[in-house]
Amino acid sequence: GVTALVALTAYGMSPPKRKPKPPKIKIGYWTIRGLAAPLRMMCNYAGVDFYDEQYDIKREGEGWDAAEWTSAKPALAAKNPLINLPYVEINGALTAQSNACGMALAKVLGLALPGKEVATEELACEVMDLRNAAVRVFYGKSEEALKTHLDTVVAKNLPKFEAALAKTSGAFLLGKKPTFPDFGLWEMLDEHERLATSLKEKSPLAGFKKLKTFYATIRNAPELIVYFAAGQYALPINNKMALFGADGEIRGNLYRTNPPPK
């Protein structure tokens, strides 16, 4: 107690540091990888347990039934009027919007880079630009558009990230430590690798030495062995109505779980 601390100080000794309690984290998203994949990867990389709240969508006639999400949304909206998927709940604080979720998680997981907040946000936005372009064709109706998109990514998007990696002193976008946009970029690279394979096209990383190394570094990170071996990575990339990436209907294993935060 206080007496013990005072006594230690009187004798010129420092009290033992208390190990901080791990944050209580819940990630909410569909039963797919999508926008939640980087968030799940970050928790695994940091070795922090989290509760993975997955909402399934089911075929209903000619449409889709999202009742699992729509029935849960009002209670969450009472806490945060901006609620959407994905969301993260960290020690009771509810955050929506994908980039905000990633930045919030980075802070509590020890993956934020002090002094590099603007650069981190800039890269996160660049990754989101790539994702938004991809989603338009992933959920489209034209296989030809998928092929055109792949060519555009190789010509327009990947050179930017190759150049960004060339400017750093480490294996990651901002140096020797990964942060939120690194995991987002890795997910995008992996999705486009899968797309190229399905279209029988060459790897989009074929001409990008730095990106190939970056991709391999994260894929082989010992901190992510469980992630790649368990159910979350095996989830479909996109939801069931997508043209590309809707394979399978496997619900991810809750391999890193706490009870849902109260």
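Me: Where does Lys-200 lie, and what makes it count as exposed?

Reply: Lys-200 lies in the loop between α7 and α8. Helices here are DSSP runs of H or I with at least four residues, strands are runs of E with at least two, and both are numbered from the N terminus. A residue is buried under 20% relative accessible area, exposed over 50% and partly exposed in between, using a 1.4 Å probe and protein chains only. Lys-200 has 74% relative accessibility, so it counts as exposed. Its phi is near 60°, a positive value in a residue other than glycine.

Me: Before we go on, what kind of model is this?

Reply: This is a predicted model, in which local features need pLDDT of at least 70 and side-chain atom pairs count only at pLDDT 80 or more, while totals for chains, interfaces and linings use all residues. Residues are numbered from 1 along each chain as its sequence is written, and side-chain values use heavy atoms, with hydrogens and water left out.

Me: Which loop holds Asn-91, and how do you know whether it is buried or exposed?

Reply: Asn-91 sits in the loop between β5 and β6 (93-96). Its relative accessibility is 53%, so Asn-91 counts as exposed. Asn-91 also has a positive phi, about 50°, although it is not a glycine.

Me: What makes Pro-86 count as buried?

Reply: Pro-86 has a relative accessibility of 1%, and therefore it counts as buried. This residue is in the loop between α3 (67-79) and β5 (87-90). Contact means heavy atoms within 4.5 Å, and the contacts of Pro-86, leaving aside neighbours within four places in sequence, include Gly-28, Tyr-29, Leu-39 and Cys-101.

Me: How do you know the form of the peptide bond from Leu-85 to Pro-86?

Reply: Omega of that bond is near 0°, and the bond is cis.

Me: In which sense do β1 and β2 pair, and what shows it?

Reply: Strand β1 (residues 25-30) and β2 pair in the parallel sense, over 5 bridges. Two strands pair if DSSP finds at least two bridges between them, so β1 and β2 qualify. One example is Gly-28, whose bridge partner in β2 is Glu-53.

Me: What do β1, helix α2 and β2 make together?

Reply: They make a right-handed β-α-β unit, with α2 covering residues 37-46.

Me: Why are α2 and β2 called mostly covered?

Reply: In α2, 9 of the 10 residues are buried, among them Leu-39, Met-42 and Tyr-45. In β2 (residues 51-55), 4 of the 5 residues are buried. After α2 comes Gly-47, with a positive phi near 70°.

Me: Where does α6 bend, and by how much?

Reply: The helix bends by about 40° at Val-153. That bend is the angle between axes fitted to the seven residues ending there and the seven starting there.

Me: What caps the N-terminal end of α6?

Reply: Ser-142 does, with a side-chain oxygen 3.3 Å from the backbone nitrogen of Glu-144. A polar contact is a pair of N or O atoms within 3.5 Å; within protein, one must be able to donate a hydrogen and the other to accept it, and residues adjacent in sequence count only if both atoms are side-chain atoms.

Me: What makes Asn-238 count as buried?

Reply: Asn-238 has a relative accessible area of 1%, so it is buried. Its place is in the segment after α10 (231-234). The side chain of Asn-238 reaches the backbone oxygen of Phe-244 at 2.8 Å.

Me: And Val-127, why is it called buried?

Reply: Val-127, found in helix α5, has a relative accessible area of 7%, so it is buried. Its contacts beyond four places in sequence include Phe-161 and Met-188. Phe-161 is one of the buried residues of α6.

Note on methods:
A crossover is right-handed if, with the strands pointing away from the viewer, the path from the first strand over the helix to the second runs clockwise.
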